[in-house]
Amino acid sequence: MKIVVDGMGGDKGSEEIIKGIALALKEMPDINITVVGKEEKLNSIISTMNLDRERLEVVNATEVIEMDDDPVQAVRKKKDSSLNVGLQLVKDGMGDAFVSAGNTGAHISASQLKLRRIKGILRPAIATVFPCKNGNFVFMDMGANADTKAEFINQFALMGSKFAEDILKKEKPVVGLLNIGSEEGKGNEVTREAYNLLKENKNINFIGNIESRDMMNGKVDVIVTDGFTGNMVLKTAEGVSKFIFDVLKEEIMGSFFAKIGFLFMKKALKKMKNKMDSSEYGGALFLGLNGISIKAHGNSDAVAFKNAIKVANEFAKNKFVEKLSSTFEEKIEN
C-alpha cells in the first residue's frame, strides 16, 4: 500500500510528521509513503534521520493551508497546497489513502472536491473509534455536517455499521442514536425523525436512543448523531479526560503516601491513560467518499501520526471504500 501524507499540516510542525512516518515505516513493512509539502524543507528534515528512501518519496507542493485560513477559499485559491496535491495523488491512483492533521474544514472541502461521494450517499461524515468499557465503538458524525437531516443520520448508521463490521470485526454491530433520553419520542424534530427512519432500516441492528452518559458502557458498537453534537461530545470527552489526569497528577505529586500508592497503581493507570488517549486511535475517517481520507488530530505527535497512517493502511488493505460502495449500490438496486 502507498500512503500519502500531508507533510505541512498539524500544530507540531513537519519534523513531528516525519518522525511519525519513520515509526510507520519501521512498524509496517508492507507500506510505502509519499510525503507532500515544501520539498527543500522536508528533505532537510529527512536527511537527519535514518530512513529507507526506497520506501519514502517526497512530492513538492509550494503552498500551505494554514489553520486560520478560510477553508473553502483556501482550497480554491491554494491549488498547489500540500492538502490539494496530496488528495489529487489519491484521486489519480498514485496513492491508496491520504492522511493530514491540517485545517479540518479545508480537509473536508478538498476531500469532497477531489474524491467525490460514493453513489447513493447524501453526505459524507467524519467517523472515529471511541473507547468504551469492553473495547471500542464507531462514533459519527464528528463535525462534517453541523446542520444534519434525518436521512443523513440514517445513512451514517449504515456506513458506521459497515465500519464496525469490516474494520473492528463486530458481528451484527448494534447501533444507537445519541439523544437526550432513551425513550422513543425524545429529542428535537431531526432526532425524532431519524429515530423513525433507523427503526425501519432493515440493514442495521438499531436498539434505540442512547444518552451521552451511557455511550461508554459497551452496549453499542455504533453511535450516530449530527456533526455539531458529535464534535461537542468529542471535545468534551477529551477535556474531561485531560482534567482527570491533571487532577490525578496534582494529587499524587502533593502527597508522599500518594506517591507510594502510585508505584503500585502505575501499570493500571498507564493502561487507563492509553485507552483514553486519542493518539492511540490514529485519526478519523471521512466516510462516504470515493477514496480514503484520514484526519489526524491537529496536535498529533509522532506516535499519533504513526497510528493515523496505520488506520489508513488498514482501510486500504481491507478495500473498505469498494465494500461500502457495493453496499450502497445494492441498497439502490433493492
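User: Which residues are linked with Glu27 in a network of salt bridges?

Analyst: Lys306 and Lys310 join Glu27 in that network. Keep in mind that this is a predicted model.

User: How far apart are the closest N and O atoms of Lys310 and Glu27?

Analyst: They are 3.9 Å apart. A salt bridge needs the nitrogen within 4 Å of the carboxyl oxygen, so the pair counts.

User: What does that pair tie together?

Analyst: Lys310 is in helix H10 and Glu27 is in helix H1, residues 14-27, so the bridge ties together parts 283 residues apart in sequence.

User: How many salt bridges does the structure hold?

Analyst: Ten. Among them is Lys78 with Asp69, where the closest N and O atoms are 2.7 Å apart. Lys78 is partly exposed, with 22% relative accessibility.

User: What about Lys170 and Asp221, how far is it from N to O?

Analyst: The distance is 3.6 Å, and their side chains meet in a salt bridge. Lys170 sits in the loop between H6 and S7, while Asp221 sits in the loop between strand S8 (205-210) and strand S9 (222-224), so this bridge ties together parts 51 residues apart in sequence.

User: Buried or exposed, that pair?

Analyst: Both Lys170 and Asp221 are buried.

User: Which residues does Ala164 touch, leaving out those up to four places away in sequence?

Analyst: Ala164 touches Val138, Lys169, Lys170, Pro173, Asp221 and Val222. That list includes both partners of the Lys170 and Asp221 salt bridge.

User: Where does Ala164 lie, and why is it called buried?

Analyst: Ala164 lies in helix H6, residues 150-166. Its relative accessible area is 0%, so it counts as buried.

User: Which residues does the cis peptide bond with omega of about 5° join?

Analyst: That bond joins Met140 and Asp141. Asp141 is in the loop between strand S6 (135-140) and H6.

User: Switching to the surface. Which residues make the nonpolar patch?

Analyst: Val240, Phe243, Ile244, Val247 and Leu248 make a nonpolar patch of about 390 Å². Ile244 is in helix H8, residues 227-253. Ile244 is partly exposed, at 32% relative accessible area.

User: Which residues form the positive patch?

Analyst: Lys91, Arg116, Arg117, Arg123 and Lys149 form it. Arg123 is in the loop between helix H5 (104-115) and strand S5 (125-132). Arg123 is partly exposed, at 35% relative accessibility.

User: Last one. Where is Ala296, and is it buried or exposed?

Analyst: Ala296 is in strand S11, residues 293-296. Ala296 counts as buried, at 0% relative accessibility. Ala296 and Val59 are 237 residues apart in sequence, and 20 Å apart from C-alpha to C-alpha.

Methods
Residues are numbered from 1 along each chain as its sequence is written. This is a predicted model: local features need pLDDT of at least 70, side-chain atom pairs count only at pLDDT 80 or more; totals for chains, interfaces and linings use all residues. Side-chain values use heavy atoms; hydrogens and water are left out. Patches are made of residues with over 30% relative accessible area and no salt bridge: like charges are joined within 9 Å, nonpolar side chains (Val, Leu, Ile, Met, Phe, Trp, Tyr) within 5 Å. Accessible areas come from the Shrake-Rupley method with a 1.4 Å probe; for residues, only the protein chains shown count as cover. Helices (H or I, at least four residues) and strands (E, at least two) are DSSP runs, numbered from the N terminus. Buried means under 20% relative accessible area, exposed over 50%, partly exposed in between (1.4 Å probe, protein chains only). Contact means heavy atoms within 4.5 Å. Lys and Arg count as positive and Asp and Glu as negative; His and the chain ends are not counted. The place of a charge is taken as NZ of Lys, CZ of Arg, CG of Asp or CD of Glu.
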